[in-house]
Amino acid sequence: MSGTNQRIDAKRLWDSLMSMAEIGATPKGGVKRLTLTEVDKAGRERFSQWCEALGLTLRVDAIGNMFARREGRDPSRPPVLMGSHLDSQPSGGKFDGALGVIAGLEVMRTLHDLNIQTEAPIELVNWTDEEGSRFGHSLMGSGAWAGVYSLDKVYGLHDVEGVSVGEALEAIGYKGEHKAAPFPADAYFELHIEQGPILEREARQIGIVTGAQAQVWYDAVVTGQDAHAGTTPPSARRDALVAAARVIERVDALMRERGEDGRGTVGQLHVLPNSRNVVPGEVRFSIEFRHPEDAEIEGLAARFPAEAKALVEANGCRLDLKELFRIPMQPFDAGCVELVRQGAAKLGYSAREIISGAGHDAVYVARHVPTAMIFTPCKDGLSHNEAESILPEEAAAGCQVLFEAVLARANRSL
């Protein structure tokens, strides 16, 4: 690394990442910190203690988003934001989300160590429930903050045990007093592992993220008829699983028609009654498509429902297909992206521009605040998996670029 004598503490960053990974640690080396559980609370409490030890002012909004503020020389200036999330998938990795929060903490620690007072205030954010694995709505905290979801709707979401978001927030003591709504902010920077193989394949240290893919998500229910597996001949079968399989096959085909930029996934599948000697009468499953171009997603959204319906009805079943949401491609702010590019160049890191294949809190924040993201490589592109892995020097490189971008933005001339 070259270009600066203002260095983050790489060992402290890594040690803090490993400390957070102890909370919700799984036997296979990952983490399980489902949102708004006691384990999530423990992670939040450790984060709070670290922030308070630095003298940061912490506030919590009505959806549980946490904002830790370091005052600037001019408190009237809108703050520069940075952050990510601490919640995980049920069998998640140590770095998805946590890297962005803990690296932001390391930026704050380094500013403190070097006695740097920025012109604008800086705020570090831990967004609530980015993953969506408990209540079924990913980007929930940033989405509520950005006005994508109403607070009443979010509070009313339930997990599989019938616990609502509102009840869960109350239970862990994180239904904050502050309004969950956008406030004037100068910029937002989010560091994240790539969650894909491109940077590693090309031996690049930094991904300069220029935007995030368009997406459309569905919930599908195929209804057929339960029947005895041994006595029901083919002509009498209304097999919901076979009908669902035809749709799943079509999702895969539509993805592959779009080449390496195509994405189409069925990640959840529930078969009822789920008995080995019963022809399935109902199947519930998720469907999603993603692509860097809005036109491709709009085209898929226009044609796929009718194609899926025809496939299901040809198998004697009925399809109920509900579109959950459609997110357009989100470009990031050119000025903020340029600061990431300049930071990587100043430090001598190999870098490339990249579109985010995953959804991130930055996508919703970008609707209100100039935003950019920084990617680091992850081993084999693996994420949402307990084997998710990055190297200490990769974490440090991403954090150092975050430091450079945030500092430059917070000290810019108005």
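Contact is taken here to mean heavy atoms within 4.5 Å. In the predicted model, Ser19 touches Arg46 and Trp50 under this criterion, residues up to four places away in sequence being left out of the count. Ser19 itself is part of helix H1, which comprises residues 10-21. With a relative accessible area of 16%, Ser19 is classed as buried, because that class takes in values under 20%.

A second region of interest is defined by annotation. An unreviewed UniProt entry lists Asp96, Glu131 and His384 under "binding site". These residues span 289 residues in sequence, yet no two of their C-alpha atoms are more than 9.6 Å apart, so they gather at one spot.

Asp96 is located in the loop that connects strand S3 (80-85) to helix H3 (98-113). Its relative accessibility of 6% places Asp96 among buried residues. Beyond residues up to four places away in sequence, Asp96 touches His85, Asp87, Glu131, His192, Ile193, Gln195, Ser383, His384 and Glu388.

His384 occupies the loop between strand S16 (371-376) and helix H12 (392-410). A relative accessible area of 42% makes His384 partly exposed, whereas Asp96 is buried. With residues up to four places away in sequence again not counted, His384 touches Gln89, Ser91, Asp96, Glu131 and Gln195. The side chains of His384 and Asp96 also make a polar contact with each other, at 3.2 Å.

Notes: Residues are numbered from 1 along each chain as its sequence is written. This is a predicted model: local features need pLDDT of at least 70, side-chain atom pairs count only at pLDDT 80 or more; totals for chains, interfaces and linings use all residues. Side-chain values use heavy atoms; hydrogens and water are left out. Helices (H or I, at least four residues) and strands (E, at least two) are DSSP runs, numbered from the N terminus. Buried means under 20% relative accessible area, exposed over 50%, partly exposed in between (1.4 Å probe, protein chains only). UniProt positions are given in the numbering used here, feature names are shortened, and annotations may be inferred rather than shown by experiment. A polar contact is a pair of N or O atoms within 3.5 Å; within protein, one must be able to donate a hydrogen and the other to accept it, and residues adjacent in sequence count only if both atoms are side-chain atoms.
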